[in-house]
Amino acid sequence: MQKLSIVKEITDLPSPLSFSIWWNGGSILGFMLGVQLITGIFLSMHYTADLVSTFYSIIHIMRDVPNGWVFRLIHTNGASFFFIFLYLHVGRGIYYQSFLTQPRTWMVGSTIFLMCMGTAFLGYVLPWGQMSFWGATVITNLLSAIPYFGNMMVEWVWGGFSVGQSTLNRFFSLHFLLPFLISVLAMVHLVFLHDKGSTNPLGDLNHVNKIQFHPYYSWKDLVGIFVVLLMLLIVCFFLPTMLSDPENYMMANPMVTPVHIQPEWYFLFAYAILRSIPSKLGGVIALALSVLILYVLPLGSLKWSVPSSFNMFFQIIFWGLIVNFLLLTWLGACPIEEPYFSLSQPLTALFFVNFLLLMIEPWFVYHLLFKS
């Protein structure tokens, strides 16, 4: 009876009448997380975390294991799809000011975002291609910028004096375990969401104008999931390498450094911020702040704001942030030379200014409307 009551509570959840397609992101992310978990478990059964045979175990999965190529392509391209909808979900939360009305949900969501970035980085190292090895070397070396303890922390992460067998073992273990922790946090995220109630495009927090979640939105979410699954399969079957780096199809060679080392596309904005600052420590701090700044949004804002749908100031700031993010992503893929280096510095400053404006904008509008 208790299980039935929980199911009924979920299906009868009062949901705003004005939901748009942007509210499909949560269900799509839940589905993609499930896809990543299932395909990852099957891939781990044939993967070998051994420097000698790791790269060849990926070839074995692709060529010899029945349908192994399908699972591997869905898992690798699924990571890119996951981040596409993760960024859309975060963007929707910023635009409709979820950090104001649902601070606890926002904080848990920001933690999930951080853990997803960590899990994706660990997974990128596992194929042991050229970009996997050198990407791991460059990113883990950033810890050396920490005063006094930096070099010791790098050796601790590596498990030695360079990226090697110990590094691969612990990265594989963490990459396998973290998605389950993300799943638990996703449940907490949903509990907080259902406790407070969802936002809506109109910014109306009134609980009167609502309808049941099922069947009105459950079917809508199902349609979104099928569309995303179709898109993922089209990419896997017809454009399987579109979202991958060609360098990673060569086995890791510590003696040959790639001409241009770069992470996967979903980390390029942070990589551009890192490279834009000449100081190593300054670059690492800016890199960390570019993600941790999401935690600051609920702390620096009023509990009251004009809904973004009717707020021209907020819309200008938000779309400026989106353009800034896309430009930084492009610059992260460009070589470290002029004019790209000079362009990335003002865009990095503007990135943080945009977030600062998002925090102080409710204060500005409040004083403009009620204190003038």
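Trainee: What percentage of the 372 residues in the protein do buried residues make up?

Mentor: Buried residues account for 46% of the 372 residues; buried means under 20% relative accessible area, exposed means over 50%, and partly exposed lies in between, with a 1.4 Å probe and protein chains only. This is a predicted model, in which local features need pLDDT of at least 70, side-chain atom pairs count only at pLDDT 80 or more, and totals for chains, interfaces and linings use all residues. Residues are numbered from 1 along each chain as its sequence is written, and side-chain values use heavy atoms, with hydrogens and water left out.

Trainee: How many helices and strands are there?

Mentor: The protein has 14 helices and 2 strands. These are DSSP runs numbered from the N terminus: helices are H or I with at least four residues, and strands are E with at least two.

Trainee: Which residues touch the most other members of the largest nonpolar core?

Mentor: They are Phe83, Ile94, Phe269, Leu297 and Phe355, in a core of 85 residues. H4 provides the largest share of this core, 13 residues. A nonpolar core is a set of buried Ala, Val, Leu, Ile, Met, Phe, Trp, Tyr and Cys residues joined through side-chain atoms within 4.5 Å.

Trainee: And what does Phe355 touch, not counting residues up to four places away in sequence?

Mentor: Phe355 touches Ile94, Ile293, Leu294, Leu297 and Leu321; contact means heavy atoms within 4.5 Å.

Trainee: Turning to the loops, where does Trp128 lie?

Mentor: Trp128 is in the loop between helix H6 (103-125) and helix H7 (130-141). Its phi is positive, about 60°, although Trp128 is not a glycine.

Trainee: Is Trp128 buried or exposed?

Mentor: Trp128 counts as buried because its relative accessibility is 5%.

Trainee: What about Tyr148, buried or exposed?

Mentor: Tyr148 has 82% relative accessibility and therefore counts as exposed. Tyr148 is placed in the loop between H7 and helix H8 (150-158), and its phi, near 70°, is a positive value in a residue other than glycine.

Trainee: Which residues does the cis peptide bond join?

Mentor: The cis bond joins Glu338 and Pro339, with omega about 5°. Pro339 lies in the loop between helix H13 (312-332) and helix H14 (340-370).
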